[in-house]
Amino acid sequence: MAFDGFVVAALTDEFSRTLTGGRIQKIYQPESDELILTIKNERTNYKLLLSASASLPLAFFTENPKPNPMTAPNFCMLLRKHLNGGKIISVTQPGMERIIEFNIEHLNDMGDLCRKRLIVELMGKHSNIIFCHPDGTIIDSIKHISLNVSSVREVLPGRMYFVPDTQHKADPLTIGSDDFISLIRSRPMPLYKAIYTSLTGFSPLLGLELCSRARLDSDTSANALSEDALQTLQNTFGAFMEDIKSSRFEPNIVYKDDIPVEFSCVRLCCYDGLKTVSYDSISSLLEHYFAAKSTITRIRQKSSDLRRIVNTALERTRKKYQLQMKQMNDTQKREKYRIYGELLNTYGYQLEEGAPSLTCINYYNNEEITIPLDKDLTARENSVRYFEKYNKLKRTYEALCDLTVATKNEMDHLESISTALDIAMYEEDLAQIRDELARYGYIKRSNSKGKKEKIISRPFHYISSDGFHIYVGKNNYQNEEVTFKIADGGDWWFHAKGMPGSHVIVKTGGSELPDRTFEEAGRLAAYYSSGRSAKKVEIDYIQRKHVKKVAGGAPGFVIYHTNYSLIAEPDIQGIKEASPERS
């Protein structure tokens with residue numbers, strides 16, 4: 001995640017285009033370090049979120065504002081006194097700093113026209129929202145910073161506001177080509193690091209991006225670059241900055257395994273090969289990115305106890321299965337012992353007393369065989385001993401035939417639950433998985449005697465490009481639901497071959513499916529399986545009427561025969577998800 005000076009530049013451009021000339025209607029402070037301003041401009045209301053959180057400083061338009069607290073903090077009351085009804089004159093960014101400055105015109109208590117500055121600093125743990133007079137005198141700030149906290153700058157009422165130049169970086173908006181080359185050449189460090197430590201606004205991500213666009217190794221030492229390489233880098237940098245100066249932003253999020261891993265206001269060539277989703281505005285990108293990150297983080301946290309239980313049970317079951325299979329392999333010697341016993345009964349009469357072995361013809365294959373013996377036992381006693389070994393291994397084999405099947409079924413069941421945990425997106429999905437684990441004895445059921453809350457978690461619902469409805473189970477319960485309740489006999493059923501995954505149903509409505517719908521359903525089955533990270537996944541598909549539930553099996557476990565197969569990429573980009581109302 002790189003909330004760098006270039007993302008701030010994109011925000012400043014968006015705010016300037018949208019808010020200049022608008023009037024502030026409402027101000028409230030839902031958190032100690034966060035403001036939400038409602039601004040009306042050209043008959044449209046915009047809700048602007050400004051957060052000075054040390055862990056997650058943000059600024060963007062939001063559609064989901066937080067509740068307004070009953071009692072407004074002092075800083076909020078001060079802003080209301082001065083800025084309610086105020087007109088936004090301009091929105092600017094000093095250089096490529098992570099700072100956004102709102103210049104606001106308002107009427108004071110005497111009815112005179114005045115101006116104020118609201119400065120939002122998005123600088124990690126140093127983030128702040130500062131309210132100033134036009135000359136830079138601080139009126140107040142959302143965080144008070146004394147000299148005991150920072151020896152660089154006090155942020156207190158009455159002090160003068162200034163941007164501390166602690167890193168002495170060059171401004172990429174004004175630096176000349178010769179100065180750029182000299183600056184980079186003077187840095188004895190990896191090239192990408194030399195870029196972001198030399199130029200204001202650049203993050204490590206954009207350092208890597210500039211290297212990627214120039215087709216230079218980002219780990220090469222900057223002071224070891226040739227003149228040609230430096231010139232190529234400078235040309236790439238010049239084109240890059242020209243896009244920024246012309247406000248040619250391309251907000252996008254990069255995904256890996258459907259998880260957002262990075263975002264930027266420029267196209268990220270360094271992530272070629274990964275799924276990228278573009279956005280019309282940097283605000284919508286930020287709101288979506290941090291909402292998705294928040295959802296994934298929250299679900300990961302809430303599912304951690306379930307994951308631990310499933311992983312522990314799965315590890316134990318795998319070890320048990322390996323031990324059982326080793327024992328099963330050991331029983332393969334049983335037939336040899338039976339033959340030894342029979343041959344000793346047949347040829348034992350010719351055995352000399354105290355002989356260590358018996359060599360004879362094996363009448364099952366007419367080949368010579370040597371049977372090791374206990375020389376202290378007679379031929380008859382050796383035969384009895386071999387038959388005892390045979391019978392013991394035979395009993396072990398017969399017991400293991402059932403045990404290995406049961407253990408393998410348990411292992412498959414736990415792997416399917418583990419895959420369901422990876423797919424889960426909401427707390428309702430986790431509730432179904434928790435219920436299944438309790439049903440099979442992996443966790444204890446709640447002793448609550450109150451009315452059991454009904455769990456409402458629906459399967460995924462997609463619409464194919466040809467208009468066919470596709471349902472995807474998120475867990476074993478939902479797999480059973482889509483296969484045996486939602487689907488009819490003539491509908492088509494899809495599943496990743498030989499691995500845990502979702503049941504995918506395509507509702508045909510009595511029509512013949514086009515090839516494109518088969519391909520899209522296969523992609524969904526591949527994506528919602530444990531093979532999600534593979535390049536290609538083999539998919540079985542068959543009409544629903546040929547799919548049968550396993551008698552006594554876990555929910556969602558089925559059998560089928562004479563199926564068709566296809567190869568699909570686990571990529572669902574472009575497949576339309578149905579609206580929740582239709583799910």
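How many bridges join strand β5 (residues 87-92) to β6, and in which sense do the two strands run? Five bridges join them, and the strands run antiparallel. Two strands pair if DSSP finds at least two bridges between them; strands (E, at least two residues) and helices (H or I, at least four) are DSSP runs numbered from the N terminus.

This is a predicted model, in which local features need pLDDT of at least 70, side-chain atom pairs count only at pLDDT 80 or more, and totals for chains, interfaces and linings use all residues. Residues are numbered from 1 along each chain as its sequence is written, and side-chain values use heavy atoms, with hydrogens and water left out.

Select Val 91 next; its bridge partner in β6 is Phe 102. Then move to the hairpin of β5 and β6, where six residues lie between the strands and Gly 95 in the turn has a positive phi of about 60 degrees.

Now select β6 itself, residues 99-107. Eight of its nine residues are buried, so the strand is largely enclosed by the rest of the structure; buried means under 20% relative accessible area (1.4 Å probe, protein chains only).

Continue to strand β7 (residues 113-121), which pairs with β6 in the antiparallel sense over nine bridges. Ile 104 has Lys 116 as its bridge partner in β7. Five residues separate β6 and β7 in their hairpin, and there Gly 111 takes a positive phi near 85 degrees.

Finally, select α9 (379-423) and α11 (476-486). Each supplies at least two residues of the lining of the largest cavity, and α9 gives the most, with four. A cavity is a set of points, on a 1 Å grid over the protein atoms alone, where a 1.4 Å probe fits but cannot get out; lining residues have an atom within 4 Å of a point.

How values were computed. Buried < 20%, exposed > 50% of the residue type's maximum accessible area, 1.4 Å probe, protein only.
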